[in-house]
Amino acid sequence: MQFGLSESQIILRDSAREFFAGECQMARVRRLMETSTADDPALWSALAAQGYTGIIFAEEYGGVGLGVVELVLLMEEAGRALLPGPLFSTVALAGAVLDACASDAQKKTYLAPICRGDARATLALLESSASWDPADVEVVSRGGRLTGEKLFVPDAAVADWIVVVARDGVHVVDAKAPGVSVAPMSGMDLTRKLYSVTFADVQVETLDRGAGLSRGLQVATTALVAEAVGGMQRTLDLSVDYAKTRKQFGKPIGTFQAVQHQCADMYLETESARSAAYYAAWTLQERAPDAAVAVSIAKMYASDAGRAVGNRGIQIHGGMGFTWENDLHLYYRRAKSTETTLGDATFHRERIARLVIDADAS
Amino acid sequence: MDLNLTAEELQFRDELRAWLAAHVPSNWEHRRDESLDTHFAFLKQWQRTLYDGGWAGISWPTDYGGRGASLMQQVIFWQELALAGAPPMANVLGLGLVGPTLIAFGTEAQKARYLRKILSAEEIWCQGFSEPNAGSDLAGLQTEARLDGDSYVVNGQKVWTSYGWAADWCELVVRTDPAAPKHKGLTVLLVDMKTPGVEVRPLRQMTGETEFNEIFFRDVRVPSENVVGRVNQGWDVAIGTLMHERGTFGAGLQIAYKRNMDRLIELAGKVQRGGRPAAQDPVIRQKLAQCYAEVEIMRANQMRAFSRISATGVPGPEGSIQKIFWSELNQRLQQIAQELLGAYGQLEAGDHRAIDRGAWSYGYLRARGNTIEAGTSEIQRNIIGHFVLGLPRSY
């Protein structure tokens, strides 16, 4: 029993950290967030060259064949760097759902180009009800054709394929097919653009193993939690640095316990979210029976902790923290988007209740 | 990362499970109504049974009566003990704090003299750290020890001493150099509680129990061979003890919380709220789920911490988050229990209407001490701020 990272996991994490430190500096993040898609083809090619776009997919589809724990380590570093663009939506969201729901032939069609860096994808789940429970989805395909509207679809404008969760299964739509129209939604997170997608009698390919959806969403959720942990760590690091250098009353403000204790709480929250994310990743990798609970616990905790850490970080920075020029609000915006994506804390607490209270009663 | 038990760990667990199934006394929780002395004698006997079976001191060296196993096996031991509903061991501080301190800092002679008797509960230990004027500011303590021939003469007062009433020995921190800066003039002594001049007085806590004590020292002579580590370097020894307290002490607690959580869920199925079981009330469901999740995160945090300690050999200052987490979580858990039980939550042991024989009213009051004992939450946050995050000292 050993809950530390292995040597190869540490190498993967460190090389990802180094990669993002070189390729994804804040100047580039800020430049991309001002564009309409926050996507940079050169950055995408570099991610693919590292093998990151195929990290969890089997080698027979051109992937690296690593596990959910490794995906989580990569996403943590991406989150620390506030990576803009479609890595999350392509690999961890649509990719994980494709991996869980597609037949071998379908995986060859969709995952192989993603691994090569030639294609991007996203997942369309939410509708006007804004419910993350797939049972609340209303859109349905008929005779292999789909009509309806999906909302809050990340990175849809740069996606080649849109994986659509419908009442009758999980389908793939060619994003450039006639009848698909994509329109921006002005989300708070400037580095992850959201869109509404309308389907007007669009041809779909139905994934053969639609029952895999919950597994795919669990992997996506855990990856998102890990990305949030990276953002929390960065917010903590920036805040501790600031508390060491900013002086008031002739001393660094980090001398004052009111500030120190905020930092200590940020540390506790970040470490706890990290423990929960790693544990969830492990249960998914091992296909352990408590995976569904572990994923909901991680998302529940990180949704609240991500917001709390952001609040504390900005508070420690005082007026500087409230400026556009300071980077904290970019992480704060991402944290708010992450909080709701794939279900907020209230949503997952109810899930946990169903899994542990109702199971106990029955 | 591999959270599956290794073959060796599995074998250890199965062997332990079988032993516990045969040896854990039944219905022992009903003995809580006994007097403190009678109950403690029972706990000592239970620890002796564990010792005789070879199950005390899992990760301690075999030379001193331990099993020489890994820290992970020690963790498995605490978990299995709790899962089996076994009584706690009597020598809580000897096992958790004094023993590890002696293993790290003691002389060969001290290890040979004390460790086995800690494991067998033949000698019960307490910790003389806090004083009336030295709580969070522990290094400001004033109990003094003057060298006189080949012994130290101790004068002063300690307070909040858990198990003082039962202790045969005390790990005592004293000031040996009043002229030195406060962290530099301290020494750790092992004091026989039967030495003339040691007086133990009971302190009644808000739960009504007298779990802890004041101890007065008047010209108490302690042989100089009872110094642990070096003279005037007792701060390092004391901090070593406290790191164990924060880092590894919570392992058994997690399973106890888990049992409390399971019991709360069971109660929620029975207690009525607005004409239906509380387990169907959306607000109660949210609160129970939050608490359930935190108990699980406590376990994940501990597992990561134990893996780190296994790799480095010693607990570090980051253990302070475990202390904050378990203490604050228990207060939240007990509060949720109170909300669930409503008016019944306040009923104490002895009232025939009390749920679980008053365990929840006791738990609520007892939990209030959690964020104070073993270093207040404020001190733990200072430790994280300074020693983990590298912020300047605030005092």
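Student: What makes E269(A) count as buried?

Tutor: This is a predicted model. In it, E269(A) has 23 other C-beta atoms within 10 Å. The cut-off for buried is 20 or more. E269(A) is therefore buried.

Student: Where is E269(A), and with which residues is E269(A) in contact?

Tutor: E269(A) sits in helix α8 of chain A. Leaving aside neighbours within four places in sequence, its contacts are M232(A), A305(A), A308(A) and V309(A). From E269(A) to A292(A), the C-alpha distance is 22 Å, and the two are 23 residues apart in sequence.

Student: Why are α8(A) and α8(B) called roughly perpendicular?

Tutor: Two packed helices are described by the angle and the distance between their axes. Helix α8 (residues 257–285) of chain A packs on helix α8 (residues 282–312) of chain B at about 90°. The axes are 9 Å apart. Angles of 65 to 115 degrees count as roughly perpendicular. The two helices are therefore roughly perpendicular to each other.

Student: Which residues make that contact?

Tutor: From α8(A) come E271(A), S272(A), S275(A), A276(A) and Y279(A). From α8(B) come I297(B), A300(B), N301(B) and R304(B).

Student: How many residues of each chain are in contact with the other chain, and which helix supplies the largest share of the chain B side?

Tutor: 41 residues of chain B are in contact with 41 residues of chain A. On the chain B side, α7 (251–268), α8, α9 (320–341) and α11 (377–388) each supply at least two residues. The largest share, 16 residues, comes from α8(B).

Student: How do you know that the length of helix α2 of chain B agrees with its residue count?

Tutor: Helix α2 (residues 36–52) of chain B has 17 residues. At 1.5 Å a residue, these should span 24 Å. The end C-alpha atoms are 24 Å apart, so the two values agree.

Student: What makes V220(B) buried, and where does V220(B) lie?

Tutor: V220(B) lies in strand β7 (residues 212–223) of chain B. V220(B) has 26 C-beta neighbours inside 10 Å. The cut-off is 20 or more, so V220(B) counts as buried. Outside four places in sequence, V220(B) is in contact with V154(B), V191(B), T195(B), G197(B) and V198(B).

Student: Which residues have the most contacts inside the largest nonpolar core?

Tutor: They are V97(A), V163(A) and A277(A), in a core of 233 residues. V163(A) touches residues including A94(A), V97(A), L98(A) and A121(A).

Terms used
Residues numbered from 1 in each chain as written. Chains lettered and ligands numbered in written order. Predicted model: local features only at pLDDT ≥ 70, side-chain atom pairs only at ≥ 80, totals over all residues. Helix = DSSP H or I, 4+ residues; strand = E, 2+ residues; numbered from the N terminus. Expected span 1.5 Å × (residues − 1). Core = buried A, V, L, I, M, F, W, Y, C linked by C-beta atoms within 7 Å. Buried ≥ 20, exposed ≤ 12 C-beta atoms within 10 Å, placed from the backbone. Contact = placed C-beta atoms within 7 Å. Axes fitted to C-alpha atoms, helices over the stretch in contact; angles between N-to-C directions. Parallel < 35°, antiparallel > 145°, perpendicular 65-115°, else oblique.
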